[in-house]
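Let's walk through a protein structure together, one piece at a time. Have the sequence and the 3D view ready, and follow along as we go.

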Amino acid sequence: MQPVRKINVGLIGFGMAGQVFHAPTITTVDGLRLHKVTTRRPDQQEVLAARYPDATGVTAAAEIVHADDIDLIVIATSNDVHYTLAKAALLAGKDVVVEKPFTNTSAEADELIALAQRHNRLLSVYHNARWNSDYLTIKKIIAGGRLGKLVSFEARYDRFRNALKKNAWREMNLPGSGILYDLGAHLIDQSLQLFGAPQAINADLRMQRPGAQAVDDFELILHYPQLKVTLKSSMLVKEPSPRYALYGLQGAFVKYGIDPQEAALKAGASPLEDPEWGKEPESIWGKLNVLEDGADHIAYVESERGDYPAFYRNVCDAVHGRSALAVTAAAARNVIRIIELAEQSWREKRTVVLDNEKLLDC
């Protein structure tokens with residue numbers, strides 16, 4: 001039996017997303033080869049040469065898009081060019097992974113989905129937070145049923161940075177900027193995976209820091225039958241609240257702390273070299289408090305292990321036809337549509353009902 005040829009990957013964008021999230025996880029997968037990377041700045045070229053000496057640095061995205069020796073293109077650029085680069089890559093006959101958020105509008109997402117279908121190409125979006133240790137844990141808690149019927153689900157994704165970051169495009173008045181598109185995309189994707197499409201949305205969007213040009217605080221309420229989902233994020237949370245709080249008819253599960261993978265990647269750690277990769281410390285395990293057989297049962301639940309490399313293992317398998325795509329472009333498009341409806345809710349100061357709104361099947 002002939003060995004399966006490795007998939008040559010072209011990475012467009014070698015800033016924080018490319019260096020921290022994509023390159024280190026792409027290179028954990030046996031079937032993928034990090035082949036070409038855009039490195040415009042000398043510091044990026046130095047990092048590439050030191051960490052990935054077998055990869056070739058190029059200065060223009062076109063050198064990857066139109067390269068005959070590239071099979072899969074990963075777009076890890078600023079949000080404003082996701083659509084144009086993904087479209088060019090699909091038209092060039094490449095499979096494509098786009099950093100989240102997928103696009104700046106659902107209309108752009110719809111166009112890319114149709115284009116991928118027309119050219120029979122794979123199209124996915126890097127919603128890596130589906131493999132966060134904390135999210136995998138609350139999925140397990142919900143599936144276990146010990147909380148009884150869930151009536152309230154609260155999720156937060158906070159940071160503390162009380163001054164604007166200089167020259168940071170995420171904090172400029174640009175399409176797709178602000179934490180609703182950044183951190184909110186993760187929370188919305190997780191909620192849609194857990195509960196499906198909501199019936200209605202309320203949103204409160206703020207720019208709270210001096211000089212802010214993009215949303216740096218939000219609260220979304222997603223309405224479901226007998227379930228309230230509250231998603232929050234702020235850049236001004238110095239003392240953390242629970243990351244997740246789940247309340248059901250039989251009890252609660254409250255979880256502080258955050259998945260350790262991002263911090264480990266930023267520190268230069270590799271999933272290949274750390275046997276404890278994705279494992280949370282016991283100090284941030286979640287607390288389960290339930291009423292069973294007339295008595296309170298309280299326990300701290302060991303967190304599931306996070307696994308960012310699972311995203312690219314799945315992409316590799318999907319390219320070879322060995323499994324279905326875990327993160328579909330349709331699912332990522334639905335996240336963008338929810339963001340648009342949240343913006344409409346805040347702009348019009350009303351609850352937006354999804355009666356005539358159809359999210360795509362995933």
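Over the ring of which residue does the charged end of lysine 349 sit? The ring belongs to tryptophan 346, and the charged end of lysine 349 lies 4.0 Å from its centre. A charge is said to sit over a ring if NZ of Lys or CZ of Arg is within 6 Å of the ring centre and within 35 degrees of the ring normal. Arginine 243 is placed in this way too, over the face of tyrosine 157, at 4.5 Å from the ring centre.

Before going on, please note that this is a predicted model, where local features need pLDDT of at least 70 and side-chain atom pairs count only at pLDDT 80 or more, while totals for chains, interfaces and linings use all residues. Residues are numbered from 1 along each chain as its sequence is written, and side-chain values use heavy atoms, with hydrogens and water left out.

Now to rings that meet other rings. A pair of aromatic rings is described by the distance of the centres and the angle of the planes. Rings of Phe, Tyr and Trp (its six-membered ring) pair if their centres lie within 6.5 Å; planes under 30 degrees apart count as stacked, over 60 as edge-to-face and the rest as tilted. The whole structure holds eight aromatic pairs. In one of them, phenylalanine 21 and tyrosine 308 have ring centres 6.3 Å apart and planes at 55°, so the pair is tilted. Phenylalanine 21 belongs to helix α1 (residues 16-26) and tyrosine 308 to the loop between β14 (295-301) and α9 (309-319), so the pair ties together parts that are 287 residues apart in sequence. Helices (H or I, at least four residues) and strands (E, at least two) are DSSP runs, numbered from the N terminus. Is phenylalanine 21 buried or exposed? With 10% relative accessibility, phenylalanine 21 is buried, and tyrosine 308 is buried at 4%. Buried means under 20% relative accessible area, exposed over 50%, and partly exposed in between (1.4 Å probe, protein chains only).

Phenylalanine 153 and tyrosine 244 make another tilted pair, at 6.0 Å centre to centre and with 50° between the planes. Phenylalanine 153 sits in strand β7 (residues 150-156) and tyrosine 244 in strand β11 (residues 244-248), so this pair ties together parts that are 91 residues apart in sequence.

Those two strands lead us to a sheet. It is an open sheet of nine strands with mixed pairing, in the order β14-β13-β12-β11-β7-β10-β9-β8-β15. β14 and β15 (352-353) stand at the edges with a single partner strand each, so one side of each has no neighbour in the sheet. Two strands pair if DSSP finds at least two bridges between them. Five bridges join β7 to strand β10 (residues 227-234) in the parallel sense, and there arginine 156 has lysine 232 as its bridge partner.

Let's finish with strand β2 (residues 32-38). Six of its seven residues are buried, so β2 is largely enclosed by the rest of the structure. Strand β1 (residues 7-12) pairs with β2 in the parallel sense over five bridges. The chain crosses from β1 through α1 to β2 in a right-handed β-α-β crossover: with the strands pointing away from the viewer, the path from the first strand over the helix to the second runs clockwise. β2 is also parallel to strand β3 (residues 56-58), joined by three bridges.
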